[in-house]
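Student: I am new to this one. Please walk me through the terms as we meet them.
Tutor: Gladly. Ask as we go.

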Amino acid sequence: MTDVSHLSDLSDLPGGSRRPEPHPATEPRPAPGDRAARAAVVGAGPAGSLLAVLLARRGHPVDVYDMRPDPRDGKGDGEGRSINLGLSARGIRALRHVGLWNALGDRLVPMRGRMIHRPGRPAAFQAYGTDPGEILYSVRRDELTTLLVESAAAHEGVRHLFGVRCAGVDRESGELTLADATTGETREARADFVVGADGAFSAVRTAMQRGLAADYRQEFLEWGYKELTIPAAPGGGSRVPLEALHVWPGENALIVAHPNVDGSLTATLFLPHSGTPGFAELAGERDVTRFFRRTFPGVVDLVPDLAAQYAANPVGNLVTIRTSRWRHADRVVLAGDAAHAVYPFYGQGMNSALEDCLVLDGCLARHPGDRAAAFEEYQRLRKPHTDILADLSERNFADLRDGTRSPLRLARRQADLALNRAFPALWRPLYTMVSHTDMPYGEALRRAHRQDRVLRWSGAGLAAGLAAGAALAAVRIGSSPRRTAP
(Lines give C-alpha, C1' and ligand atoms only; values in the text may rest on other atoms or scores of the structure.)
Protein backbone atom coordinates (compact mmCIF):
# COMPACT_ATOMS: atom_id res chain seq x y z
CA MET A 1 0.00 0.00 0.00
CA THR A 2 1.38 3.38 -0.88
CA ASP A 3 2.16 5.49 2.14
CA VAL A 4 -0.10 8.48 2.63
CA SER A 5 0.77 11.79 4.23
CA HIS A 6 1.39 11.30 7.92
CA LEU A 7 0.00 13.36 10.75
CA SER A 8 3.04 15.21 11.98
CA ASP A 9 1.36 18.08 13.84
CA LEU A 10 -1.51 17.43 16.22
CA SER A 11 -1.21 20.70 18.13
CA ASP A 12 -4.57 21.91 16.85
CA LEU A 13 -6.45 19.05 18.48
CA PRO A 14 -8.72 19.69 21.46
CA GLY A 15 -6.55 19.93 24.54
CA GLY A 16 -3.70 21.59 22.63
CA SER A 17 -3.31 25.04 21.17
CA ARG A 18 -6.14 25.34 18.66
CA ARG A 19 -5.70 26.73 15.16
CA PRO A 20 -8.60 27.36 12.80
CA GLU A 21 -9.35 24.23 10.79
CA PRO A 22 -8.79 24.84 7.09
CA HIS A 23 -11.82 24.56 4.85
CA PRO A 24 -12.00 21.16 3.14
CA ALA A 25 -10.55 20.99 -0.32
CA THR A 26 -12.82 21.87 -3.20
CA GLU A 27 -15.27 19.04 -3.60
CA PRO A 28 -14.22 16.66 -6.37
CA ARG A 29 -15.90 16.97 -9.72
CA PRO A 30 -17.48 13.69 -10.84
CA ALA A 31 -16.77 12.19 -14.22
CA PRO A 32 -19.48 13.29 -16.67
CA GLY A 33 -20.62 9.74 -17.35
CA ASP A 34 -20.79 8.83 -13.68
CA ARG A 35 -22.74 11.78 -12.26
CA ALA A 36 -26.15 10.07 -12.31
CA ALA A 37 -24.95 6.77 -10.84
CA ARG A 38 -27.13 6.23 -7.76
CA ALA A 39 -25.46 4.74 -4.71
CA ALA A 40 -27.21 2.73 -2.02
CA VAL A 41 -25.33 2.71 1.30
CA VAL A 42 -26.51 0.02 3.69
CA GLY A 43 -25.60 1.04 7.23
CA ALA A 44 -25.70 4.56 8.69
CA GLY A 45 -22.94 4.08 11.25
CA PRO A 46 -19.72 6.09 11.10
CA ALA A 47 -18.35 4.38 7.96
CA GLY A 48 -21.61 4.35 6.03
CA SER A 49 -22.37 7.97 6.88
CA LEU A 50 -18.88 9.16 5.97
CA LEU A 51 -19.12 7.33 2.65
CA ALA A 52 -22.48 8.99 2.02
CA VAL A 53 -20.76 12.37 2.47
CA LEU A 54 -17.86 11.44 0.18
CA LEU A 55 -20.10 9.98 -2.54
CA ALA A 56 -22.41 13.00 -2.42
CA ARG A 57 -19.37 15.24 -2.86
CA ARG A 58 -18.63 13.31 -6.05
CA GLY A 59 -22.09 14.12 -7.38
CA HIS A 60 -23.77 10.76 -6.70
CA PRO A 61 -27.35 10.62 -5.48
CA VAL A 62 -27.17 8.50 -2.32
CA ASP A 63 -29.83 6.48 -0.50
CA VAL A 64 -28.82 5.38 3.01
CA TYR A 65 -30.65 2.49 4.67
CA ASP A 66 -30.38 1.35 8.29
CA MET A 67 -32.45 -0.99 10.44
CA ARG A 68 -31.87 1.10 13.57
CA PRO A 69 -33.73 4.26 14.58
CA ASP A 70 -32.58 7.62 13.31
CA PRO A 71 -29.72 8.64 15.66
CA ARG A 72 -30.90 12.25 15.43
CA ASP A 73 -33.92 11.19 17.49
CA GLY A 74 -31.65 10.21 20.40
CA LYS A 75 -33.11 6.71 20.78
CA GLY A 76 -29.81 4.78 20.46
CA ASP A 77 -29.38 1.48 18.67
CA GLY A 78 -30.46 -0.76 21.55
CA GLU A 79 -28.03 -3.50 20.57
CA GLY A 80 -25.76 -3.42 23.61
CA ARG A 81 -22.77 -2.30 21.55
CA SER A 82 -20.00 -0.19 23.01
CA ILE A 83 -21.22 3.39 23.34
CA ASN A 84 -17.74 4.92 23.38
CA LEU A 85 -15.08 5.13 20.71
CA GLY A 86 -11.45 6.18 20.83
CA LEU A 87 -10.53 8.47 17.96
CA SER A 88 -6.91 8.29 16.84
CA ALA A 89 -4.92 9.68 13.92
CA ARG A 90 -6.66 7.74 11.13
CA GLY A 91 -10.16 8.67 12.21
CA ILE A 92 -9.09 12.25 12.89
CA ARG A 93 -7.64 12.56 9.39
CA ALA A 94 -10.89 11.29 7.84
CA LEU A 95 -13.00 13.77 9.80
CA ARG A 96 -10.65 16.59 8.90
CA HIS A 97 -10.94 15.62 5.24
CA VAL A 98 -14.67 16.43 5.26
CA GLY A 99 -14.33 19.43 7.58
CA LEU A 100 -16.00 17.86 10.64
CA TRP A 101 -13.14 17.56 13.12
CA ASN A 102 -13.60 20.93 14.81
CA ALA A 103 -17.34 20.33 15.09
CA LEU A 104 -16.60 17.49 17.53
CA GLY A 105 -14.45 19.65 19.80
CA ASP A 106 -16.74 19.99 22.82
CA ARG A 107 -17.86 16.34 22.58
CA LEU A 108 -14.36 14.91 23.02
CA VAL A 109 -12.31 14.03 26.09
CA PRO A 110 -8.54 13.79 25.54
CA MET A 111 -6.99 10.54 26.76
CA ARG A 112 -3.32 11.30 27.37
CA GLY A 113 -2.40 7.78 28.41
CA ARG A 114 -3.50 4.75 30.41
CA MET A 115 -4.26 4.84 34.11
CA ILE A 116 -3.56 1.34 35.45
CA HIS A 117 -5.47 0.29 38.59
CA ARG A 118 -4.12 -2.73 40.46
CA PRO A 119 -5.42 -3.90 43.84
CA GLY A 120 -3.35 -2.67 46.77
CA ARG A 121 -1.28 -0.26 44.68
CA PRO A 122 -1.62 3.40 43.74
CA ALA A 123 -3.00 4.02 40.27
CA ALA A 124 -0.12 4.32 37.77
CA PHE A 125 -0.29 6.65 34.77
CA GLN A 126 1.41 5.54 31.53
CA ALA A 127 1.63 8.23 28.85
CA TYR A 128 0.87 7.00 25.34
CA GLY A 129 4.04 8.49 23.97
CA THR A 130 6.79 11.05 24.31
CA ASP A 131 5.09 13.73 22.21
CA PRO A 132 2.27 15.84 23.70
CA GLY A 133 0.22 15.26 20.55
CA GLU A 134 0.24 11.47 20.95
CA ILE A 135 -3.11 11.23 22.68
CA LEU A 136 -6.47 9.66 21.86
CA TYR A 137 -9.95 11.17 22.12
CA SER A 138 -12.97 9.55 23.68
CA VAL A 139 -16.28 10.24 21.96
CA ARG A 140 -19.72 8.73 22.34
CA ARG A 141 -20.70 6.60 19.37
CA ASP A 142 -24.14 8.19 19.10
CA GLU A 143 -22.71 11.73 18.98
CA LEU A 144 -20.20 10.90 16.27
CA THR A 145 -22.81 9.03 14.24
CA THR A 146 -25.34 11.85 14.60
CA LEU A 147 -22.82 14.42 13.39
CA LEU A 148 -21.99 12.31 10.33
CA VAL A 149 -25.66 11.63 9.52
CA GLU A 150 -26.41 15.35 9.78
CA SER A 151 -23.49 16.13 7.50
CA ALA A 152 -24.64 13.58 4.92
CA ALA A 153 -28.25 14.79 5.07
CA ALA A 154 -27.10 18.36 4.38
CA HIS A 155 -26.00 17.31 0.89
CA GLU A 156 -28.59 17.60 -1.82
CA GLY A 157 -29.44 14.18 -3.17
CA VAL A 158 -28.79 12.22 0.05
CA ARG A 159 -31.85 10.45 1.44
CA HIS A 160 -32.07 8.42 4.65
CA LEU A 161 -34.50 5.63 5.44
CA PHE A 162 -34.25 4.23 8.95
CA GLY A 163 -36.08 1.25 10.43
CA VAL A 164 -35.54 -0.93 7.36
CA ARG A 165 -33.47 -4.09 7.12
CA CYS A 166 -31.56 -5.19 4.04
CA ALA A 167 -33.09 -8.58 3.23
CA GLY A 168 -31.22 -9.16 -0.01
CA VAL A 169 -29.06 -7.68 -2.77
CA ASP A 170 -28.92 -8.70 -6.43
CA ARG A 171 -25.19 -8.38 -7.08
CA GLU A 172 -25.67 -8.21 -10.84
CA SER A 173 -28.28 -5.45 -10.97
CA GLY A 174 -27.85 -3.58 -7.70
CA GLU A 175 -31.47 -4.17 -6.71
CA LEU A 176 -32.10 -4.35 -2.97
CA THR A 177 -34.87 -6.03 -1.03
CA LEU A 178 -35.76 -4.01 2.05
CA ALA A 179 -37.86 -5.21 4.98
CA ASP A 180 -39.60 -2.95 7.48
CA ALA A 181 -37.90 -3.61 10.83
CA THR A 182 -41.27 -3.56 12.63
CA THR A 183 -43.79 -5.12 10.26
CA GLY A 184 -41.51 -7.23 8.07
CA GLU A 185 -43.20 -5.86 4.94
CA THR A 186 -40.77 -5.89 2.01
CA ARG A 187 -40.22 -3.66 -0.98
CA GLU A 188 -37.62 -3.28 -3.70
CA ALA A 189 -35.18 -0.44 -4.29
CA ARG A 190 -32.74 0.05 -7.15
CA ALA A 191 -29.26 1.52 -7.24
CA ASP A 192 -26.40 1.56 -9.70
CA PHE A 193 -24.07 0.32 -6.98
CA VAL A 194 -24.34 -0.78 -3.37
CA VAL A 195 -21.99 -0.10 -0.48
CA GLY A 196 -22.20 -2.60 2.37
CA ALA A 197 -21.30 -0.77 5.59
CA ASP A 198 -23.66 -2.84 7.70
CA GLY A 199 -21.30 -4.33 10.25
CA ALA A 200 -19.67 -7.63 11.07
CA PHE A 201 -22.77 -9.67 10.25
CA SER A 202 -23.33 -7.85 6.99
CA ALA A 203 -26.38 -8.81 4.95
CA VAL A 204 -24.80 -7.17 1.89
CA ARG A 205 -21.68 -9.32 2.20
CA THR A 206 -23.74 -12.49 2.61
CA ALA A 207 -25.83 -11.73 -0.47
CA MET A 208 -22.86 -10.63 -2.57
CA GLN A 209 -20.82 -13.76 -1.84
CA ARG A 210 -23.63 -16.31 -2.08
CA GLY A 211 -22.70 -19.03 -4.57
CA LEU A 212 -19.28 -17.53 -5.34
CA ALA A 213 -15.79 -18.81 -4.53
CA ALA A 214 -15.11 -16.48 -1.63
CA ASP A 215 -12.87 -17.11 1.36
CA TYR A 216 -14.55 -16.26 4.64
CA ARG A 217 -13.38 -16.78 8.20
CA GLN A 218 -15.22 -15.78 11.35
CA GLU A 219 -13.59 -16.15 14.76
CA PHE A 220 -15.31 -15.47 18.06
CA LEU A 221 -13.19 -14.71 21.09
CA GLU A 222 -13.97 -16.92 24.04
CA TRP A 223 -14.46 -13.71 25.98
CA GLY A 224 -17.45 -11.36 25.83
CA TYR A 225 -18.12 -7.88 27.14
CA LYS A 226 -20.68 -5.96 29.16
CA GLU A 227 -21.02 -2.18 29.52
CA LEU A 228 -21.15 -0.47 32.92
CA THR A 229 -21.29 3.24 33.76
CA ILE A 230 -19.10 4.88 36.38
CA PRO A 231 -21.26 7.91 37.22
CA ALA A 232 -19.93 11.41 37.74
CA ALA A 233 -19.15 12.39 41.31
CA PRO A 234 -21.92 13.96 43.39
CA GLY A 235 -22.01 17.63 42.52
CA GLY A 236 -20.28 17.05 39.18
CA GLY A 237 -16.75 16.19 38.15
CA SER A 238 -15.17 12.78 37.80
CA ARG A 239 -14.55 10.14 40.46
CA VAL A 240 -11.16 9.40 38.89
CA PRO A 241 -8.71 11.53 36.85
CA LEU A 242 -10.66 12.12 33.66
CA GLU A 243 -8.16 12.52 30.82
CA ALA A 244 -7.00 8.92 30.61
CA LEU A 245 -8.12 5.49 29.48
CA HIS A 246 -8.61 3.61 32.75
CA VAL A 247 -7.61 -0.05 32.87
CA TRP A 248 -8.28 -2.53 35.66
CA PRO A 249 -6.39 -5.77 34.83
CA GLY A 250 -7.57 -8.78 36.78
CA GLU A 251 -6.93 -12.50 36.95
CA ASN A 252 -8.66 -13.71 33.79
CA ALA A 253 -10.73 -10.52 33.70
CA LEU A 254 -10.35 -6.95 32.44
CA ILE A 255 -12.12 -3.59 32.69
CA VAL A 256 -11.40 -0.69 30.31
CA ALA A 257 -13.15 2.66 30.85
CA HIS A 258 -13.47 5.64 28.48
CA PRO A 259 -14.17 9.11 29.91
CA ASN A 260 -17.19 11.21 28.99
CA VAL A 261 -17.53 14.99 28.92
CA ASP A 262 -20.03 14.95 31.81
CA GLY A 263 -17.46 13.41 34.17
CA SER A 264 -18.80 9.85 33.90
CA LEU A 265 -16.91 6.93 32.38
CA THR A 266 -18.17 4.13 30.20
CA ALA A 267 -16.56 0.96 31.53
CA THR A 268 -16.39 -2.26 29.55
CA LEU A 269 -16.06 -5.48 31.52
CA PHE A 270 -14.35 -8.28 29.57
CA LEU A 271 -14.76 -11.85 30.85
CA PRO A 272 -14.77 -15.37 29.44
CA HIS A 273 -18.24 -16.50 28.44
CA SER A 274 -17.88 -19.59 30.62
CA GLY A 275 -15.61 -20.83 33.39
CA THR A 276 -14.74 -19.27 36.72
CA PRO A 277 -14.96 -16.36 36.52
CA GLY A 278 -17.26 -16.11 33.54
CA PHE A 279 -20.47 -14.43 32.50
CA ALA A 280 -22.40 -17.70 32.66
CA GLU A 281 -21.45 -18.23 36.31
CA LEU A 282 -22.12 -14.70 37.58
CA ALA A 283 -25.86 -15.03 37.79
CA GLY A 284 -26.97 -13.37 41.03
CA GLU A 285 -26.31 -10.15 42.93
CA ARG A 286 -24.29 -11.93 45.60
CA ASP A 287 -22.03 -13.63 43.03
CA VAL A 288 -21.50 -10.36 41.15
CA THR A 289 -20.66 -8.37 44.28
CA ARG A 290 -18.30 -11.06 45.55
CA PHE A 291 -16.53 -11.26 42.20
CA PHE A 292 -15.99 -7.50 41.95
CA ARG A 293 -14.82 -7.15 45.55
CA ARG A 294 -12.27 -9.88 44.96
CA THR A 295 -11.10 -8.93 41.44
CA PHE A 296 -11.80 -5.20 41.08
CA PRO A 297 -12.23 -3.84 44.62
CA GLY A 298 -11.75 -0.23 43.55
CA VAL A 299 -14.60 -0.43 41.03
CA VAL A 300 -17.17 -1.38 43.68
CA ASP A 301 -16.82 2.02 45.32
CA LEU A 302 -17.05 3.81 41.97
CA VAL A 303 -20.35 2.24 40.83
CA PRO A 304 -23.05 2.48 43.55
CA ASP A 305 -25.59 0.44 41.55
CA LEU A 306 -23.09 -2.10 40.22
CA ALA A 307 -25.23 -5.23 40.67
CA ALA A 308 -28.27 -3.60 39.08
CA GLN A 309 -26.29 -2.41 36.07
CA TYR A 310 -24.69 -5.81 35.66
CA ALA A 311 -28.11 -7.50 35.63
CA ALA A 312 -29.65 -5.00 33.22
CA ASN A 313 -26.97 -4.80 30.52
CA PRO A 314 -26.52 -7.51 27.87
CA VAL A 315 -23.37 -9.48 27.12
CA GLY A 316 -21.83 -8.71 23.73
CA ASN A 317 -19.69 -10.95 21.53
CA LEU A 318 -16.23 -10.18 20.14
CA VAL A 319 -15.62 -11.29 16.57
CA THR A 320 -12.97 -11.09 13.86
CA ILE A 321 -14.09 -11.32 10.22
CA ARG A 322 -11.70 -11.96 7.32
CA THR A 323 -12.89 -12.40 3.77
CA SER A 324 -11.20 -12.35 0.39
CA ARG A 325 -14.04 -10.90 -1.65
CA TRP A 326 -14.81 -7.29 -0.82
CA ARG A 327 -16.46 -6.35 -4.12
CA HIS A 328 -18.35 -7.65 -7.10
CA ALA A 329 -17.81 -6.10 -10.52
CA ASP A 330 -18.87 -2.45 -10.38
CA ARG A 331 -22.03 -3.17 -8.39
CA VAL A 332 -21.13 -3.98 -4.77
CA VAL A 333 -18.34 -3.04 -2.39
CA LEU A 334 -17.82 -3.51 1.38
CA ALA A 335 -16.34 -1.17 3.98
CA GLY A 336 -15.58 -1.22 7.69
CA ASP A 337 -16.64 -4.21 9.78
CA ALA A 338 -18.49 -5.72 6.82
CA ALA A 339 -15.09 -6.26 5.19
CA HIS A 340 -12.80 -6.72 8.20
CA ALA A 341 -14.24 -6.76 11.72
CA VAL A 342 -11.51 -6.85 14.39
CA TYR A 343 -11.38 -7.20 18.16
CA PRO A 344 -11.53 -3.80 19.89
CA PHE A 345 -8.28 -4.08 21.85
CA TYR A 346 -6.18 -1.81 19.64
CA GLY A 347 -8.91 0.80 19.40
CA GLN A 348 -8.66 0.70 15.61
CA GLY A 349 -11.97 -0.78 14.43
CA MET A 350 -13.75 2.50 13.83
CA ASN A 351 -10.56 4.33 12.88
CA SER A 352 -9.70 1.77 10.21
CA ALA A 353 -13.30 1.88 8.93
CA LEU A 354 -13.08 5.65 8.46
CA GLU A 355 -9.72 5.15 6.76
CA ASP A 356 -11.41 2.68 4.38
CA CYS A 357 -13.68 5.51 3.27
CA LEU A 358 -10.76 7.76 2.35
CA VAL A 359 -8.98 4.99 0.45
CA LEU A 360 -12.13 4.04 -1.46
CA ASP A 361 -12.79 7.70 -2.28
CA GLY A 362 -9.22 8.02 -3.58
CA CYS A 363 -9.64 4.95 -5.76
CA LEU A 364 -12.85 6.35 -7.26
CA ALA A 365 -10.96 9.57 -8.01
CA ARG A 366 -8.19 7.67 -9.81
CA HIS A 367 -10.66 5.61 -11.89
CA PRO A 368 -13.39 8.03 -12.98
CA GLY A 369 -16.19 6.19 -14.71
CA ASP A 370 -14.67 2.75 -13.94
CA ARG A 371 -16.01 1.64 -10.57
CA ALA A 372 -14.93 -1.97 -11.13
CA ALA A 373 -11.29 -0.90 -11.34
CA ALA A 374 -11.73 1.42 -8.34
CA PHE A 375 -13.26 -1.34 -6.23
CA GLU A 376 -10.53 -3.79 -7.23
CA GLU A 377 -7.76 -1.35 -6.34
CA TYR A 378 -9.43 -0.52 -3.03
CA GLN A 379 -9.43 -4.18 -1.95
CA ARG A 380 -5.86 -4.65 -3.12
CA LEU A 381 -4.67 -1.65 -1.13
CA ARG A 382 -6.60 -2.30 2.07
CA LYS A 383 -7.00 -6.02 2.69
CA PRO A 384 -3.35 -6.95 3.46
CA HIS A 385 -3.20 -4.20 6.08
CA THR A 386 -6.54 -4.92 7.72
CA ASP A 387 -5.53 -8.59 8.02
CA ILE A 388 -2.45 -7.42 9.92
CA LEU A 389 -4.64 -5.18 12.08
CA ALA A 390 -6.69 -8.24 13.04
CA ASP A 391 -3.53 -9.97 14.26
CA LEU A 392 -2.37 -6.87 16.13
CA SER A 393 -5.75 -6.47 17.80
CA GLU A 394 -5.69 -10.05 19.05
CA ARG A 395 -2.14 -9.60 20.33
CA ASN A 396 -3.01 -6.35 22.12
CA PHE A 397 -5.72 -8.21 24.01
CA ALA A 398 -2.99 -10.17 25.75
CA ASP A 399 -1.08 -6.94 26.39
CA LEU A 400 -4.06 -5.26 28.06
CA ARG A 401 -5.03 -8.38 29.98
CA ASP A 402 -1.56 -9.51 31.09
CA GLY A 403 1.02 -6.96 29.93
CA THR A 404 -0.10 -4.25 32.32
CA ARG A 405 0.82 -6.68 35.12
CA SER A 406 4.06 -7.98 33.54
CA PRO A 407 7.36 -6.34 34.61
CA LEU A 408 9.06 -7.71 31.46
CA ARG A 409 6.51 -6.20 29.08
CA LEU A 410 6.55 -2.96 31.04
CA ALA A 411 10.36 -2.79 30.76
CA ARG A 412 10.14 -3.32 26.99
CA ARG A 413 7.55 -0.57 26.70
CA GLN A 414 9.74 1.77 28.73
CA ALA A 415 12.73 0.96 26.52
CA ASP A 416 10.64 1.78 23.44
CA LEU A 417 9.66 5.15 24.90
CA ALA A 418 13.23 5.96 25.97
CA LEU A 419 14.59 5.18 22.49
CA ASN A 420 11.79 7.17 20.87
CA ARG A 421 12.62 10.15 23.08
CA ALA A 422 16.32 9.88 22.24
CA PHE A 423 15.89 9.16 18.50
CA PRO A 424 12.39 10.36 17.50
CA ALA A 425 13.09 10.19 13.76
CA LEU A 426 14.57 6.69 13.89
CA TRP A 427 12.68 4.80 16.58
CA ARG A 428 8.93 4.65 17.01
CA PRO A 429 7.01 2.18 19.17
CA LEU A 430 4.54 0.00 17.29
CA TYR A 431 1.63 1.45 19.25
CA THR A 432 2.69 4.96 18.21
CA MET A 433 2.84 4.02 14.54
CA VAL A 434 -0.55 2.31 14.64
CA SER A 435 -2.45 4.86 16.73
CA HIS A 436 -0.71 8.18 16.17
CA THR A 437 0.14 8.07 12.45
CA ASP A 438 -1.65 6.88 9.33
CA MET A 439 1.28 4.66 8.34
CA PRO A 440 -0.14 1.50 6.74
CA TYR A 441 -0.50 -1.23 9.35
CA GLY A 442 1.79 -3.62 7.49
CA GLU A 443 4.56 -1.04 7.22
CA ALA A 444 4.21 -0.24 10.94
CA LEU A 445 4.61 -3.92 11.81
CA ARG A 446 7.62 -4.35 9.50
CA ARG A 447 9.31 -1.35 11.08
CA ALA A 448 8.57 -2.67 14.57
CA HIS A 449 10.13 -6.03 13.63
CA ARG A 450 13.28 -4.26 12.45
CA GLN A 451 13.46 -2.43 15.76
CA ASP A 452 12.98 -5.71 17.64
CA ARG A 453 15.99 -7.15 15.80
CA VAL A 454 18.08 -4.14 16.79
CA LEU A 455 17.23 -4.71 20.45
CA ARG A 456 18.09 -8.41 20.21
CA TRP A 457 21.39 -7.68 18.48
CA SER A 458 22.27 -5.07 21.08
CA GLY A 459 22.92 -7.79 23.67
CA ALA A 460 21.67 -8.42 27.16
CA GLY A 461 23.91 -5.79 28.73
CA LEU A 462 22.67 -2.97 26.55
CA ALA A 463 19.08 -4.13 26.93
CA ALA A 464 19.43 -4.04 30.70
CA GLY A 465 20.92 -0.55 30.51
CA LEU A 466 18.10 0.62 28.25
CA ALA A 467 15.50 -0.79 30.61
CA ALA A 468 17.08 0.98 33.56
CA GLY A 469 17.28 4.26 31.67
CA ALA A 470 13.77 3.76 30.36
CA ALA A 471 12.47 3.20 33.87
CA LEU A 472 13.92 6.56 34.93
CA ALA A 473 12.47 8.20 31.82
CA ALA A 474 9.08 6.63 32.53
CA VAL A 475 9.10 8.12 36.03
CA ARG A 476 9.80 11.52 34.52
CA ILE A 477 7.12 11.05 31.85
CA GLY A 478 4.60 9.91 34.42
CA SER A 479 5.32 12.83 36.73
CA SER A 480 5.21 15.48 34.00
CA PRO A 481 2.32 17.86 34.80
CA ARG A 482 1.23 18.14 31.17
CA ARG A 483 0.75 14.37 30.93
CA THR A 484 -1.09 13.61 34.11
CA ALA A 485 -4.85 13.80 34.06
CA PRO A 486 -6.24 16.70 36.09
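**Terms put to the test**

Student: Why is Ala267 called buried?
Tutor: Ala267 has a relative accessible area of 4%. Buried means under 20%, exposed over 50%, and partly exposed in between, with a 1.4 Å probe and protein chains only. Ala267 is therefore buried.

Student: Before we go on, what kind of model is this?
Tutor: It is a predicted model, in which local features need pLDDT of at least 70, side-chain atom pairs count only at pLDDT 80 or more, and totals for chains, interfaces and linings use all residues. Residues are numbered from 1 along each chain as its sequence is written, and side-chain values use heavy atoms, leaving out hydrogens and water.

Student: Where does Ala267 lie, and what does Ala267 touch?
Tutor: Ala267 sits in strand β16, residues 265-272. Strands are DSSP runs of E, at least two residues; helices are runs of H or I, at least four residues; both are numbered from the N terminus. Leaving aside neighbours within four places in sequence, Ala267 is in contact (heavy atoms within 4.5 Å) with Lys226, Glu227, Leu228, Ile230, Ile255, Val256 and Ala257. Ile230 is 37 residues away along the chain, yet the C-alpha atoms of Ala267 and Ile230 are separated by 6.7 Å.

Student: What makes Asp66 buried?
Tutor: The relative accessible area of Asp66 is 6%, so Asp66 is buried. Asp66 belongs to strand β2, residues 62-66. Not counting residues up to four places away in sequence, Asp66 touches Gly43, Ala44, Gly45, Leu161, Phe162, Gly163 and Val164.

Student: Why is Asp370 called partly exposed?
Tutor: The value for Asp370 is 38%, so Asp370 counts as partly exposed. Asp370 lies in the loop between α9 and α10.

Student: How much of the chain is buried?
Tutor: Buried residues make up 56% of the 486 residues. The chain has 14 helices and 19 strands.

Student: How do you know that β1 and β12 pair?
Tutor: Two strands pair if DSSP finds at least two bridges between them. Strands β1 (39-42) and β12 (193-196) have four bridges, in the parallel sense. One detail: Ala39 has Phe193 in β12 as its bridge partner.

Student: Which sheet has six strands, and what makes β8 and β18 edge strands?
Tutor: The open sheet runs β8-β2-β1-β12-β19-β18, with mixed pairing. β8 (158-162) and β18 (327-328) each pair on one side only. Helix α10 (371-401) packs on this sheet and touches β12, β18 and β19 (332-334).

Student: How do β9 and β10 pair?
Tutor: β9 (164-169) and β10 (176-180) pair in the antiparallel sense over five bridges. They form a hairpin with six residues between them. Gly174 in the turn has a positive phi of about 85°.

Student: Why are α9 and α10 called roughly antiparallel?
Tutor: α9 (349-366) and α10 pack at an angle of about 150°, with axes 8 Å apart. Axes are lines fitted to C-alpha atoms, for helices over the stretch in contact, and angles run from 0 to 180 degrees between N-to-C directions. Under 35 degrees counts as roughly parallel, over 145 as roughly antiparallel, 65 to 115 as roughly perpendicular, and the rest as oblique. So α9 and α10 are roughly antiparallel.

Student: What about α1 with α9?
Tutor: Helix α1 (46-57) and α9 pack at about 25°, with axes 9 Å apart. That makes α1 roughly parallel to α9. By class, their contact has 13 nonpolar, no polar and one charged residues. Ala, Val, Leu, Ile, Met, Phe, Trp, Tyr, Cys and Pro count as nonpolar, Asp, Glu, Lys and Arg as charged, and the others, Gly among them, as polar.

Student: What makes α2 oblique to α9?
Tutor: Helix α2 (89-97) and α9 pack at about 45°, with axes 7 Å apart. That angle makes α2 oblique to α9. Their contact divides into three nonpolar, three polar and four charged residues.
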